Amino acid sequence: MQLGIVKGQVVSTKKAQRLDGIKILIVQPLDVLTFEESGRAVASLDTVGAGEGEVVMLVGGSSARMTDTMSDKPTDCTIVAIIDSVDIGGGRMFDKASGSGKK
């Protein structure tokens, strides 16, 4: 699992039939300890209704097909949660409600 921030959306007029009705988002991975952007952005299928600017949890590989809605979908990166807060070592690294944390 990995945390990331939604940077944008992919619009596709034609795609595999099994992807009909599924939103594709561009997600920039985040370093979980510093909340700095890390690595390359990835296209991810959205199962939770995430939007631009939200911090999300991603799963990859075979785990990306483990949700009820993704079991028969061609994906290797799926958004499975919208993050409300992250606490590490007794300190709050990110809090959606207060807007604190690096994004």
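Author: A salt bridge is a side-chain nitrogen of Lys or Arg within 4 Å of a carboxyl oxygen of Asp or Glu. This is a predicted model, in which local features need pLDDT of at least 70 and side-chain atom pairs count only at pLDDT 80 or more, while totals for chains, interfaces and linings use all residues. Residues are numbered from 1 along each chain as its sequence is written, and side-chain values use heavy atoms, with hydrogens and water left out.

Reader: How many salt bridges does this rule give?

Author: Side chains of opposite charge can pair when their charged atoms come close. One of the pairs is lysine 23 with aspartate 46, with the closest N and O atoms 3.5 Å apart. By this rule the count is 5.

Reader: How many residues apart in sequence are the parts that lysine 23 and aspartate 46 tie together?

Author: Strands are DSSP runs (E, at least two residues), numbered from the N terminus. Lysine 23 is in the loop between strand 1 (2-10) and strand 2 (24-29), and aspartate 46 is in strand 3 (residues 42-46), so the parts tied together are apart in sequence by 23 residues.

Reader: Is aspartate 95, which meets arginine 92 in a salt bridge, buried or exposed?

Author: The N to O distance between aspartate 95 and arginine 92 is 2.7 Å. Buried means under 20% relative accessible area, exposed over 50%, and partly exposed in between (1.4 Å probe, protein chains only). Because its relative accessibility is 14%, aspartate 95 counts as buried.

Reader: Which residues do salt bridges that share partners join into one network?

Author: Arginine 92 also pairs with aspartate 87, at 2.6 Å between the closest N and O atoms. Aspartate 87 is partly exposed, at 47% relative accessibility. The network joins Asp87, Arg92 and Asp95.

Methods: Helix = DSSP H or I, 4+ residues; strand = E, 2+ residues; numbered from the N terminus.
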